[in-house]
Amino acid sequence: MTRRTPLNEAHRALGARMVDFAGWDMPVQYSSVIAEHEAVRNSVGLFDVSHMGEVEFAGPGALETVNGLISNDLARIADGQAVYAGLLNEQGGFVDDVVAYRFSPERILICVNASNRDKDFAWMKAHARGVAPVDRGDEYAQIAVQGPKAAGLVQRLTKTDTSKIGTYRFAEGEVAGVRCIISRTGYTGEDGFELYCAPDGAVALWNALLDAGQQDGVKPCGLGCRDSLRTEMKYALYGNDIDDTHTALEAGLGWIVKLDKAAFIGKDALVAQKAAGVKRKLVGLELTGAGIPRHGYPILKEGVRVGEVTSGTMGPSVKKPIGIGYVPTELAAEGSTFDVEIRGRAVPAVVVKTPFLKKP
């Protein structure tokens, strides 16, 4: 049965086009993908991300337990900070990519992808050594407020000083009278916040943000522009760009792997891979011929398939056909050329520096 977030009726009232996404009835767009994309880049957009999951570890030893499960290191950050991390298997591949919030050494909250909620919880439960995880997914709604005017919008609705919440930091406070975790995180490449609240407060919070944001040109945004925004930043999408068969080092996410910390699942495989040398890498590519790269399109070198596109779009902000894909390491350097096969045509492409959209 398709699940619905607490904001489902609000989306329908706004005329959203709804689709099934990871078993959830979600808005793909309200007006147009490009209009919503541009609102986030230039003003502010609102996203319902309540389909994401949350898993809590609470009690003595919580930090140590989670540190044994994730690739990043919670011991290196302070209370009130978060880290982006890989939840890895023994081969160094991704069970999921997650954000872990450190409230204290005895309370860690992990946000997981919607498509992996049940799988991730089962995996954590099976592999946790110490504190047992608790599934809190149904206890949170989540609204992402993203764009250059996002911070001003949120600040007008809260007494919490948002200027003191740096990137990958969070605070607890009320926004529009609704108790929230106010997290300076996002998936768009723009400044903004992800607001976690109880499900029964989601509609009031959503409506307050829409009302207060009218002066900023706020737009409700769907999954369509969420994808184009993250692709322009080369942010990985689980199931496309990262999965259980590609390692964090191959995905260019070595920065979220702390090989010098105590043992964590996947560490030995990554240490061995780093020593042996990574054989394939996830790169950003730009077509220099006509066409748009899409997920699954073959990447060719001299007519031979050497990889495939994992994500691709016509970037609304960069106004170029861009993509992400795995290629052999010898083809991964900036400036390397190959072809992308589009409906039987070999279209020239070149490896470019990412993110595709350069932020000042």
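I began with the domain record: the unreviewed UniProt entry lists "domain: Aminomethyltransferase C-terminal" at residues 280-358, a position given in the numbering used here and an annotation that may be inferred rather than shown by experiment. The model is predicted, so I kept to its limits: local features need pLDDT of at least 70, side-chain atom pairs count only at pLDDT 80 or more, and totals for chains, interfaces and linings use all residues. Residues are numbered from 1 along each chain as its sequence is written, and side-chain values use heavy atoms, with hydrogens and water left out.

Over residues 280-358 I found 0% helix and 57% strand, with the end C-alpha atoms 25 Å apart; helices (H or I, at least four residues) and strands (E, at least two) are DSSP runs, numbered from the N terminus.

Next I looked up helix H7 (residues 223-232), where nine of the 10 residues are buried, so the helix is largely enclosed by the rest of the structure; buried means under 20% relative accessible area, with a 1.4 Å probe and protein chains only. Among the buried residues are Arg226, Arg230 and Glu232. Lys234, which follows H7, has a positive phi near 55°.

I then turned to aromatic pairs (ring centres of Phe, Tyr and Trp, its six-membered ring, within 6.5 Å; planes under 30 degrees apart stacked, over 60 edge-to-face, the rest tilted), and the count is six. Tyr140 is buried at 15% relative accessible area, and Tyr196 is buried at 2%.

Key: Buried < 20%, exposed > 50% of the residue type's maximum accessible area, 1.4 Å probe, protein only.
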